[in-house]
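The sequence and structure are shown first.

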Amino acid sequence: MERIVKRGEGWRIGWNPNAAKFKGLVGGDNWAIELTEAELNDFCRLLEQLTVTMSQIASELMDEEKIACEAESDLLWLEVAGYPHAYSLHLIVNCDRQCEGSWPADAIPGLLQAVQVLKVF
């Protein structure tokens with residue numbers, strides 16, 4: 001399997017199965033963080049969980065009402081904030097590197113689509 005890097009407006013995500021330690025990559029237009037395989041798996045899993053949560057809660061909110069939801073594992077923390085149909089994403093890596101990054105709401109649809117086809121988690 002070869003290295004895969006997907007990118008779109010405001011986001012990047014990558015997978016290199018041959019890398020020694022940091023097999024994953026997430027980033028925006030002007031930043032990137034290398035992730036271990038376990039961190040990348042958690043990122044994808046938690047992002048999908050938060051996406052489902054946001055769509056499920058949409059019917060309970062007023063149109064102009066914003067919400068923030070967070071999810072975490074031992075390795076990282078994610079938060080989505082905004083409207084159920086348009087929200088930003090914030091990431092903090094809790095391991096030995098203490099990294100963080102964020103994506104604007106308009107980058108999330110493309111990032112979500114790339115996460116779903118990047119690799120089998």
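Which residues does Ile13 touch, not counting residues up to four places away in sequence? In this predicted model, with that exclusion applied, Ile13 touches Ile4, Val5, Lys6, Leu25 and Val26, as well as Leu40, Phe43, Cys44, Leu111, Ala114, Val115 and Leu118.

The largest nonpolar core holds 33 residues, and among these Ile13, Phe43 and Trp103 touch the most other members. At least two residues of this core are supplied by each of β2 (11-15), β4 (32-35), α1, β5 (67-72), β6 (76-83), β7 (86-93), β8 (99-103) and α2, and the largest share, 7 residues, comes from α1.

## Packing of α1 against α2

Helix α1 (residues 37-57) and helix α2 (residues 108-118) have axes that come within 10 Å and cross at roughly 130°, which makes α1 oblique to α2. The crossing in which α1 passes α2 is left-handed.

On the α1 side, Leu40, Phe43, Cys44, Leu47, Glu48 and Thr51 take part in the contact, meeting Leu111, Leu112, Val115, Gln116 and Leu118 of α2. The residues of this contact comprise 8 nonpolar, 2 polar and 1 charged.

Thr36 lies in the loop between β4 and α1. Its relative accessible area is 17%, and because buried means under 20%, Thr36 counts as buried. Not counting residues up to four places away in sequence, Thr36 touches Lys21, Phe22 and Lys23.

Methods. Residues numbered from 1 in each chain as written. Predicted model: local features only at pLDDT ≥ 70, side-chain atom pairs only at ≥ 80, totals over all residues. Heavy atoms only, no water. Axes fitted to C-alpha atoms, helices over the stretch in contact; angles between N-to-C directions. Helix = DSSP H or I, 4+ residues; strand = E, 2+ residues; numbered from the N terminus. Parallel < 35°, antiparallel > 145°, perpendicular 65-115°, else oblique. Left-handed = near helix turned anticlockwise from the far one by under 90°. Contact = heavy atoms within 4.5 Å. Nonpolar A, V, L, I, M, F, W, Y, C, P; charged D, E, K, R; others polar. Core = buried A, V, L, I, M, F, W, Y, C linked by side-chain atoms within 4.5 Å. Buried < 20%, exposed > 50% of the residue type's maximum accessible area, 1.4 Å probe, protein only.
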